[in-house]
Amino acid sequence: MDDRGSPSASDAGSVAYLLVRARGVTIALPSEHAIEVAEIERCYPVPATPAYVLGITSWRGAPLPLVDLGPALDLGEGPRQAPAGAVGRRAVIVSTASYLVGLVVDATLGVVAAGASETRAPSVVGGGRLPELGVAEIDTPRAGLAVAIDVEAFLDAVRVG
Amino acid sequence: MGALDVLCLAGSRGAIGLAAGSVGVVDEDEARPGVPAIDLAPLLGSAPGAERRRIRVDLRDRAVELVTDADLSVLSIAAASRHAVPRWIEPFLARIGVAEIALADDAVVLLADPAALVAALEGGAA
């Protein structure tokens, strides 16, 4: 567990997002929810869960569920990931009012601040559950269009399998 | 709260611990006619090379056997290793009677109530 992805301060009126890639789509996670970006060292399978639940790891001495972000958002086809295959991938540890979860991503792209001029209602980016869960579309200089999701709503939506 | 001894069943899909006092491994030559058997393979998968074994679960009013190809071991789980199930994953694990998670040295063991596990399996949870 390394590489803290601490949210950067944003300009007044703008929101800071951690940009991540999941199955070819750039997702913007409000950085207020991102505690840490960590490399997964161990992942243990958990029965009776959907395929996007990769398993449980130990984080700061407590169990932490690991959710594969791309498949959980139903973003296109990809190989089903075995828990052992999660080792070495990156997880964004997110904390919301209700949950503490590791979101496993394909890459982290950094933190951006987006103001009103860079933010608009979601339209065409992505697929799967993004039309339902995307709350904004952000034009980023480095990563192009990104879809911001409501992390709590996303975790609620995929919690019931 | 002292250490909890559990019979740990570790398969390819995960590991479940059942309080050792409530379950026991059935000897191969021990005939138990009339005792219903539940296959754990859909839930836990199997462990390479593991023998197929039967686990007796004594419920309040009856006995049940769990049939498994998982690795079996007895673990002593220290109180400090036992944790509440993280809230996000509660609905999934509650379906199979898991109320706690043990973080062992090299394993994560779901601590299940045997009666709740049996009820869940009989209800089609796996």
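The following paragraphs describe the two chains of a predicted model, beginning with their secondary structure and ending with individual residues.

In chain A, the secondary structure comes to 3 helices and 11 strands, and these elements follow the pattern β-β-β-β-β-α-β-β-β-β-α-β-β-α when read along the sequence. Chain B has 3 helices and 10 strands, which run from the N terminus in the order β-β-β-β-α-β-β-β-β-α-β-β-α.

Of the 161 residues in chain A, 50% are buried. Among the contacts in this chain with a separation of 6 or more, 64% are accounted for by residues 24 or more positions apart. The accessible surface of chain A was computed as about 6,800 Å², with 50% of that area belonging to carbon and sulfur atoms.

For chain B, 44% of the 126 residues count as buried, and residues 24 or more positions apart account for 63% of the contacts with a separation of 6 or more. The C-alpha trace of this chain spans about 40 × 30 × 25 Å along its principal axes. The accessible surface of chain B comes to about 5,900 Å², and carbon and sulfur atoms contribute 49% of it. With regard to charge, chain B carries 11 positive and 18 negative side chains, the centres of the two sets lying 6 Å apart.

Over all chains, the count of aromatic pairs comes to 1. This pair is formed by B:Trp88 and B:Phe92, whose ring centres are 5.6 Å apart and whose planes meet at 55°; because planes under 30 degrees apart would count as stacked and those over 60 as edge-to-face, the pair is classed as tilted. Both partners are enclosed by protein, B:Trp88 being buried with a relative accessible area of 0% and B:Phe92 likewise counting as buried at 0% relative accessibility.

Backbone geometry was examined next. Most residues other than glycine have a negative phi. Against this background, A:Arg23 has a positive phi of about 50° although it is not a glycine, and this residue is found in the loop between strand 1 (15-22) and strand 2 (25-30) of chain A.

When residues up to four places away in sequence are left aside, B:Glu28 touches B:Arg52, B:Arg53 and B:Arg54. By contrast, the C-alpha atom of B:Glu28 is separated by 31 Å from that of B:Asp105, a residue 77 positions away along the chain.

Conventions. Residues are numbered from 1 along each chain as its sequence is written. Chains are lettered from A and ligands numbered from 1 in the order in which they are written. This is a predicted model: local features need pLDDT of at least 70, side-chain atom pairs count only at pLDDT 80 or more; totals for chains, interfaces and linings use all residues. Side-chain values use heavy atoms; hydrogens and water are left out. Rings of Phe, Tyr and Trp (its six-membered ring) pair if their centres lie within 6.5 Å; planes under 30 degrees apart count as stacked, over 60 as edge-to-face and the rest as tilted. Buried means under 20% relative accessible area, exposed over 50%, partly exposed in between (1.4 Å probe, protein chains only). Helices (H or I, at least four residues) and strands (E, at least two) are DSSP runs, numbered from the N terminus. Contact means heavy atoms within 4.5 Å. Accessible areas come from the Shrake-Rupley method with a 1.4 Å probe; for residues, only the protein chains shown count as cover. Lys and Arg count as positive and Asp and Glu as negative; His and the chain ends are not counted. The place of a charge is taken as NZ of Lys, CZ of Arg, CG of Asp or CD of Glu.
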